[in-house]
Amino acid sequence: ESGSGVRVPRVWRAEVERVLIPADGLARRVRALARQIQRDYEGRDLVMVALLNGTLVFLADLIRNLTLPLRLDFIGVSSYGGGTRPGRLTFTKELGLDVRGRDVLVVDDILDTGRTLRRVLERLERLGPRSLRVCVLLEKKARRQEPVRADYVGFEIPDVFVVGYGLDYAERYRHLPFVGVLRSDRPAGPEGTGATS
Ligand code: 5GP
Ligand code: MG
Ligand code: MG
């Protein structure tokens, strides 16, 4: 299956099967996305609304490549019951800023079925923003179930469950500096999550 050809760093070899997007590839692409956003929102009143928690690393890198004035807010939404299977959607943090009449850019880690973003966009739309766009680091086209499209997409990836660069498996692996695929035979124990669930 697809990979970047980059070797899995030694410390992660017991748990990670392959690197899908290496750290330098992420950095380059995020800079390019930032340039696009910079161009499109110059002179506007940008409010970036990031979804917790998966956007943590992507967002930190993205905003540090932007020099236009912007405000930042977060919506907490959790769509997974802890593992790789979708659960139901719950909002864990509501928007704080008033976005009426503002140019809102929603940032998420990955656009998969589209259910999460669809719910979030419906909510935001009701708040009367001047414009509403979507930026995602990753997109799995094959799995789309809802008519949601992203205006800014970092990478299109195949239908595999990925972790790293903010994305988790049961709240683990968010701190990997690359996007990778877990080994199904990874060891259980304090460093791993176990191969079950
Ligand atoms: P959707 O609602 O589009 O099906 O799913 C979006 C959310 O599911 C993402 O924000 C992300 O939290 C989670 N998700 C979907 N695919 C993956 C994946 O491959 N890896 C991880 N870690 N999370 C995923
Ligand atoms: Mg998410
Ligand atoms: Mg998750």
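Trainee: Which residue in strand 5 does Val-47 stand opposite?
Mentor: This is a predicted model, and in it strand 2, which spans residues 46-52, runs parallel to strand 5 and is joined to it by 5 bridges. Within strand 5, the residue that stands opposite Val-47 is Val-104.

Trainee: How many bridges join strand 5 to strand 6?
Mentor: Strand 6 covers residues 131-139 and runs parallel to strand 5, and one place to look is Asp-103, which stands opposite Ser-131 in strand 6. The number of bridges that join strand 5 to strand 6 is 8.

Trainee: How many of the residues of strand 5 are buried?
Mentor: Strand 5 takes in residues 103-111 and is described as mostly covered. A residue counts as buried if 20 or more other C-beta atoms lie within 10 Å of its own. Of the 9 residues in strand 5, the number that are buried is 8.

Trainee: Which element gives the largest share of the shell around ligand 1?
Mentor: Ligand 1 is surrounded by 19 residues, and the closest are Asp-112, Thr-113, Arg-115, Thr-116 and Leu-167. The elements that give two or more residues to this shell are strand 3 (70-80), strand 5, helix 3 and strand 8 (162-163). With 4 residues, the largest share comes from strand 5.

Trainee: How many nonpolar residues does the shell around ligand 1 have?
Mentor: Sorted by class, the shell around ligand 1 includes 5 polar and 5 charged residues. The number of nonpolar residues in that shell is 9.

Technical notes:
Residues numbered from 1 in each chain as written. Chains lettered and ligands numbered in written order. Predicted model: local features only at pLDDT ≥ 70, side-chain atom pairs only at ≥ 80, totals over all residues. Buried ≥ 20, exposed ≤ 12 C-beta atoms within 10 Å, placed from the backbone. Pairing = 2+ DSSP bridges. Near = placed C-beta within 6 Å. Nonpolar A, V, L, I, M, F, W, Y, C, P; charged D, E, K, R; others polar.
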